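Biologist: Hi! Could you walk me through this one in plain words?
Modeller: Happy to, let's have a look together.

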Amino acid sequence: MPDAAIQVLDVVKKYGTRTVLDQVRLDVFKGETLVILGGSGSGKSTLLRLMIGNVRPDGGDIVSLGKSIAGMTAPELAVYRKNIGVLFQSGALFNSMSVADNVGLPLREHTDLPEETIDIMVKIKLELVGLREHAEKMPSELSGGMKKRAGLARAIALDPQILFYDEPSAGLDPVTSAEIDQLIIDLNQKLGVTSVVVTHEMDSAFRIAHRMVLLDRGKFIVSGTPDEMKHSEDPLVRQFVHGLTEGPLTARRRGHEYVDDLLGEID
Amino acid sequence: MTPALNPLRPIRSILEFIGGLTLLLLDTFVTLPSALFSKRGRRLGWQNLWAQMDRVGVQSVPIVGLVLFCIGAILALQMAPILREYGKIDSVADVISVAIFRELGPLVSAIVLTGFAGASIAAEMGTMVVSEEIEALEAHAINPIRFLVVPRVLATTIMTVCIAIVGDTAGIVGGLSVGQFFLGIGHQQYVTHTFDILKLKDFVTGLVKAGVFGALISGLACFLGLSVTGGAQGVGSATTRTVVYTIVALITVDLIFTATFYFLGF
């Protein structure tokens, strides 16, 4: 079995009284592209934020690149974050800076490289995502797909070992979405990075995944290759993967809560 | 007891708010050296500071100047009839200079800056929270306090002091103009009275207050901006709360300062 880049060990996360993640266990292997699937509110984005250290778990631990994130001090967390890259759902570009300055920011903040070298590195990163000719544009001048590509260039600025993607295809047209998917595949192959992708877009998930896991109500239901997921007999997996209108997910929504909501709880 | 009826709840909220703001300002103070003087912080730290000083201060000079000029002129017109009755029309210059330097210059400059810089900082920070920019900074191991809050707090503090000096001058010029053109006080006579009555401590206490006001404006704006939840509505609410809370805080802190200076004999 290949080495694990990230180990999620019985992680529990609660917001108030609501348990978002309940004893979740997961291994992400070095060099693979793992897709975390799940509907809205399933806890997948929370899991991603736990893995990048932006949220602390209430129970369990996450061991990433050989270190426990839960036990990290602020300086240790900063060192860890220099070894990972994150593409946020909106791209999260800094609106007051040009595309080139966005990509150069981590290099200016975390390295002693001279400006000339940083300029060259920024061009290389932008070329990788096909945005070199747009380097001087401001984020407000970019389309949704270009913003994500610029965000990706910034995420790989420090040559991370792990790349996290939060809904990379959300809000994009099918062609742009396919382009972003191809970029994820290329970066995984060319740079050899481990990729963790959180999404609910099935077409995109099947294109990029080496392995997939399905998260439902804070628990993992199933894990497997795209082929295994496609042919799964589990009714919940079948409904999610094939986008069926009938199945356990819709049955749950049509449950007794609706009657209670209409008529009130009757003792 | 239900939480809504708990009388301690508002007190707890106020204490939490003050505690949070104090921690943010302490964090800013502790982070300041690394933001400006560490090898890597220097690279963007000074650039960010100049940009914020320009945004906060330079652009608000004409507005503060105009407002304080008008206040100086208004004060002169209001004082003139009473002082003329006592045969002390020359004392218009004395009253205006003390009022402007000790009180109105710093306070009015700070109130103008609250609308000019505080609201804009809160809206900017709130929008950055909503668009995941703050989270992105953290994910890139860049401390938002060092990168965003330090330059804004420092720039506002420095520029409130500078703007207060501009405001003080504009206020005196406003009074002098009314004195010269409407009250028959010659400009040389007015300036002589001003310099005779003013002491260094009047100038210094005003500027100390201005510095504290500046830190308060930007501290509150950053704190409320970074606490935004709930999208565009949250940003709007944070901006409004910044203006209201800051004006209340400025007046309260001003009272504390004035009372302290009074009892200490300054």
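**Strands first, then a helix**

Modeller: In chain A, strand E1 (residues 4–15) is joined to E2(A) by 8 bridges, and the two run antiparallel. Strands here are DSSP runs of at least two residues and helices (H or I) of at least four, numbered from the N terminus; two strands pair if DSSP finds at least two bridges between them. This is a predicted model, where local features need pLDDT of at least 70, side-chain atom pairs count only at pLDDT 80 or more, and totals for chains, interfaces and linings use all residues. Residues are numbered from 1 along each chain as its sequence is written, while chains are lettered from A and ligands numbered from 1 in the order written.

Biologist: Which residue stands opposite A:Val8?
Modeller: That is A:Leu26, in E2(A).

Biologist: And what order do the strands of the open sheet have?
Modeller: The order is E2-E1-E4-E5, 4 strands of chain A with antiparallel pairing. Strands E2 (18–29) and E5 (67–68) are at the edges with a single partner strand each, so one side of each has no neighbour in the sheet.

Biologist: New topic: is B:Val92 buried or exposed?
Modeller: B:Val92 is buried, because 26 other C-beta atoms lie within 10 Å (buried means 20 or more, exposed 12 or fewer, partly exposed in between, with C-beta atoms placed from the backbone). B:Val92 belongs to helix H4 (residues 91–130) of chain B.

Biologist: How far is B:Val92 from B:Thr194?
Modeller: Their C-alpha atoms are separated by 9.3 Å, though the two are 102 residues apart along the chain.
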